[in-house]
Every structure is written in C-alpha cells, then in structure tokens.
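Here is a short briefing on one protein model. Look through the sequence and the structure, then read the points below.

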Amino acid sequence: MKTCITYHEKFKQYDLGVNHPFRGDRFVKAKIFFDKKSLSSLPNVFFIEPKAATKEDVLKVHSKRYVDHIFKLAEKGGSYDIDTPVSKRILEGAMFIIGGVLEAGRYVIEGKADRGVALGGGFHHAGLDYGGGFCLFNDIAILVSELREKHDVKRVLILDYDVHFGNGTSDIYYSDGDVLFISLHQDPRTIYPGRGFIHEVGSGRGEGLNINIPLPMRTGERSYLYALNEIFPPLAEDFKPDIIIANGGSDAHFADHLGSLGLTARGFFEISRIIGSVSEEVCGGKVILLVGSGYNINVLPYCWYALALGLIKPDASLEKIEDFFPQPHDPWQNLEKVKKIVCSLKDILSKYWSCF
Ligand SMILES: [Zn+2]
C-alpha cells in the first residue's frame, strides 16, 4: 500500500495570530516530528509538495458572494468573525492547504497512491456561504466536488472525528443522497458550534445519511472507540462508498486546550487503523485522511504521527506510539453514557439502515 503525504512550507502562513490557538508553527512542528521519525524513509511513503488551489476550485462549493467577500477581506486585512482573521498571507496559506487536499485526492483516485494524508486539511466549519471557527473554505467539500466532477466517484463517506461538530460539512450534504456524513464529537451543549445532536439525520434524499455521535465530556479512549466501532463499520458496509474521506486532528486528545474528550496518541493510531481496515473492506482501501486540528502544540506532533502511522503501518506495535503525557484517567470513562447514546442513535437509524 502506497501512501502519499502532502505538505508545503506555505501551510504555515495559515497562522491566525500570536495568541490564537490556530498557529502556523503547528504544521511545521508536525513535519519536523515526521522527519525525526523518518516517516518518509518507510517503504511506500512519499511526500508531495502541492500547488495552491485556485479561486475556481473554491467556487465549486462556495457561493460567489461569499468567496468574493473573503478575497476582498484578505486584500485589505480584517476578520470574518472574532476567531477567524483574514489576510493575504492567511488566504495564500489556505489555498496551499486546499491544494494539498486536492492533490492527495488525485493521487489516490488516479491510483498513484492507495492512501493520501493531507496535512493541514479539514476546515469543516465552513458552509456554502459562511465561514467561522478558524475556517474559510471547506476543503473536504471542495475535494468531494472535484472527485465527483472529474473522476468516476459517486458515493462518498465522510468520517469526521474532530472534537467539534462539522457543521459546515453537515449543512452542505444534509439533503445529498450520495454522501454519508458520520461525525463523532464532544456533546454540543459543551463546545463550539453547539450543534450535532442525534436527531439531526438529514432531509430529503439525504434523510438517514447525516449521522451524529455526540460524546460526553471526558469520554475515555476505549469508550470513544466503542462508539466508533458500533456505528462506522456497519454503516460503511451498508453504504458501499467509492472512497472514504476522514477529517480531524488531535483536538480530541485529553490534553487539548479546546476540547475535553479523552483520547491519547494511541487512540488516534486506532482511529486511522480502523478507517484503513474498513476502507479495505468497502472501497478497495481508498482513503484520504485530512489532518489539521489540535491546539496543544506539545501533543499535536505525536498524534498526527500516530494518525498517519495507523494508515501506513497498521501492524506497528502500540507500545512504540509514544505520548507526551501518560493517560490521565480511565480509558473506559463514561462507557455507560456512551452506550445509551449509541443505543438511541441506532434506534433512530434503524428506520433507514438494515444493519441496525
Ligand atoms: Zn476541532
């Protein structure tokens, strides 16, 4: 299995400010750690330096009015909202990150790689005509558009394991009958953007295809993986996607500064290992992993590395996945609460899915 990883020095221009949690050095530190671990010297792993995406790429998903607004804001410098500043430099960084996501997708779909890891990607809070939550353009949806337009891709499964609910992605595909969106995230009552409840299942052709798995604060790693294993593999088998796109990063780590779930680096290794194994069952192993979130710079490189390794070398010893901190609490924390949520969700989904 060949894996391509996209990275460009210009990613670091997506730096939202000195005191902002989304800083440009996050990408650089991850790449330095990957190099220290000699990831690129593993057989069948190669790095690609992408070109920047274009305004036309972005317009495949977003409204012209919104895109023009962001480009104008970038020209004069300003802020889309309180958390999301915009400048020429930031916009250029965003276009390189989107370019990396598109390039990883092309490599996989054209068979030049089996799996793609797009560093920096996963701006899931951006919708058709809005941004926010550090996100300008939804690179996940831009990739889906390109795969559907230029390649023979019809059905896409998007797995969003970011600690925050992917409201932008969910809105874009809420009534789409060919995109299955599954999101595991922290209980929306306790975190931005305050949405992502189990009863939000999609509408019209997309009814039953929007799956939200909200997890209580401080859910332990094994409890998290229980929820993932109960919902994601059976749905993937029933849905039979042409490709799986997964997005997240390290903000579900227990030491993250914005999230309050309980994963460790080993948990992230497990997540991507599960994604890889399910993809082999359902879509010939075709996966693109977008890895961009995480706001504790000390744990981020370990977790991003674990995510990449889970795809590249799923038989790697768990003992070799280091973590910056030891596990702080019970990995089975909140299991009973999680079981109840999974049970209620399956009950709702049984109307649409034979696997439940
Ligand atoms: Zn997040």
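Strand 8 (residues 210–215) is mostly covered, with six of its six residues buried. Buried means under 20% relative accessible area, exposed means over 50%, and partly exposed lies in between (1.4 Å probe, protein chains only). This is a predicted model: local features need pLDDT of at least 70, side-chain atom pairs count only at pLDDT 80 or more, and totals for chains, interfaces and linings use all residues. Residues are numbered from 1 along each chain as its sequence is written, and side-chain values use heavy atoms, with hydrogens and water left out.

- Helices (H or I, at least four residues) and strands (E, at least two) are DSSP runs, numbered from the N terminus.
- In a regular strand, side chains alternate between the two faces of the sheet.
- In strand 8, N210, N212 and P214 point one way, I211, I213 and L215 point the other way, and all are buried.
- Strand 7 (residues 179–186) pairs with strand 8 in the parallel sense, over six bridges. Two strands pair if DSSP finds at least two bridges between them.
- The bridge partner of H185 in strand 8 is P214.

**The zinc site**

- Which residues coordinate the zinc ion? They are D162 (OD), D162 (OD), H164 (ND1) and D251 (OD), at 2.0 to 2.7 Å.
- Donors are N, O and S atoms within 2.8 Å of the metal (3.2 Å for Na, K and Ca); water is not among the atoms, so sites may look incomplete.
- Along the chain, the zinc donors follow the spacing D-x1-H-x86-D.
- The site is irregular, with angles of 53 to 150 degrees among its four donor atoms.
- Four donors count as tetrahedral if all angles lie between 85 and 135 degrees; four count as square planar and six as octahedral if opposite donors are over 155 degrees apart and all others between 65 and 115; anything else is irregular.
- Both D162 and H164 are buried.

**Cysteines**

- A disulfide is a pair of cysteine sulfur atoms within 2.5 Å. By this rule the count is zero disulfides.
- C4 is in no disulfide, and the nearest cysteine sulfur, that of C283, is 15 Å away.
- C4 counts as buried because its relative accessibility is 0%.
- C343 counts as exposed, at 52% relative accessibility.

**Aromatic rings**

- A search of the whole structure finds 19 aromatic pairs. Rings of Phe, Tyr and Trp (its six-membered ring) pair if their centres lie within 6.5 Å; planes under 30 degrees apart count as stacked, over 60 as edge-to-face and the rest as tilted.
- The ring centres of Y14 and F22 are 5.2 Å apart and their planes lie at 70 degrees, so this pair is edge-to-face. Y14 and F22 are buried.
- Y66 and F137 also form an edge-to-face pair, 6.0 Å centre to centre with 80 degrees between the planes.
- That pair links distant parts of the chain, 71 residues apart: Y66 is in helix 3 (residues 64–76), and F137 is in the loop between strand 5 (115–119) and helix 5 (139–150).
- Y66 counts as buried at 4% relative accessibility, and F137 counts as buried at 2%.
- One aromatic cluster is formed by Y7, F11, Y14, F22, F27, F123, F134, Y295 and W304.
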